[in-house]
Structures are given as C-alpha cells and as structure tokens.
Amino acid sequence: QVQLVESGGGLVQAGGSLRLSCAASGSIFSINYMRWYRQAPGKQRELVAGITSSGSLNYADSVKGRFTISRDNAKNTVYLQMNSLKPEDTAVYYCKANMIMRVTMNTLDAWGQGTLVTVSS
C-alpha cells in the first residue's frame with residue numbers, strides 16, 4: 001500500500017511565497033516521476049510541474065520563472081517552491097507519483113489528497 005501526504009498549503013497575499021511538500025510512503029521500490037497538479041474552482045485539473053528520477057524538469061507556462069520543483073530521492077519527497085504568487089494561482093494542489101512497487105515490481109500511479117492554496121489580492 002502506498003500513501004502520498006501533502007503539506008504546506010495556506011493563505012498568502014499576492015506576491016508572497018509558499019512551499020508545498022509531498023512525501024510518499026509504503027512498499028516502494030523506486031519512483032519514476034513526481035508531478036504537481038492543481039485544480040481551481042470550476043476548472044479542470046492541470047499539470048503545474050514535474051520532475052523525473054534523473055532530474056528532468058517541466059513546468060506549465062503560467063508558472064515558469066516563479067515555481068521551482070525539486071525532490072529528495074532518499075526521502076521519496078517532492079517539493080514545490082512557489083514565489084511571486086498571484087490570485088490566479090489559487091487552487092487545490094495535488095501531487096502524483098508514478099512508482100514501481102517492491103516484490104511485484106508493478107508500476108502504480110498514486111495521488112495525494114490535495115492541499116489548498118489561496119492567494120489574496
């Protein structure tokens with residue numbers, strides 16, 4: 001069984017910063033990639049940023065230059081540093097991990113429960 005636990009959301013003023021964390025636990029052999037998504041009220045879930053096991057990065061155009069994704073492979077944890085936040089960044093942020101499970105060596109996608117980020121103007 002695998003669990004992803006997110007933390008770090010909250011209320012911040014426009015221009016401020018927040019750092020999200022997502023820790024994966026369970027019978028994990030390795031993690032191929034970890035991603036952050038977000039879903040604003042009334043909108044579809046969208047990819048914000050991703051990082052592979054080798055360190056390759058990708059970002060949505062709307063967050064480039066403001067958000068930074070990183071990971072600690074030893075802790076199976078991914079971070080999202082969010083700077084220069086805007087009201088339009090307000091959303092529930094979810095992390096997703098694509099991983100290989102111990103024993104079975106099956107590949108599994110897992111999602112966190114989400115953490116709310118609210119940016120006030």
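## Surroundings of Asn-98

In this predicted model, Asn-98 touches Ile-31, Asn-32, Tyr-33, Thr-107, Leu-108 and Asp-109, when residues up to four places away in sequence are not counted. Asn-98 itself lies in strand 9, which covers residues 91–101, and the residue is buried, because its relative accessible area of 10% falls under the 20% cut-off. Of these neighbours, Asp-109 also makes a polar contact with Asn-98, side chain to side chain, at 2.7 Å.

## Salt bridges of Arg-38

The structure holds 5 salt bridges. Side chains of opposite charge can pair when their charged atoms come close. One of the bridges joins Arg-38 to Glu-46, with 2.7 Å between the closest N and O atoms; here Arg-38 is buried at 6% relative accessibility, whereas Glu-46 is partly exposed at 36%.

Arg-38 also meets Asp-89 in a salt bridge, at 2.9 Å from N to O. This pair links distant parts of the chain, since Arg-38 belongs to strand 4 (residues 28–39) and Asp-89 to the loop between strand 8 (77–82) and strand 9, 51 residues apart.

Through shared partners, the salt bridges join Arg-38, Glu-46, Arg-66 and Asp-89 into one network.

Methods: Residues are numbered from 1 along each chain as its sequence is written. This is a predicted model: local features need pLDDT of at least 70, side-chain atom pairs count only at pLDDT 80 or more; totals for chains, interfaces and linings use all residues. Side-chain values use heavy atoms; hydrogens and water are left out. Helices (H or I, at least four residues) and strands (E, at least two) are DSSP runs, numbered from the N terminus. Buried means under 20% relative accessible area, exposed over 50%, partly exposed in between (1.4 Å probe, protein chains only). A polar contact is a pair of N or O atoms within 3.5 Å; within protein, one must be able to donate a hydrogen and the other to accept it, and residues adjacent in sequence count only if both atoms are side-chain atoms. Contact means heavy atoms within 4.5 Å. A salt bridge is a side-chain nitrogen of Lys or Arg within 4 Å of a carboxyl oxygen of Asp or Glu.
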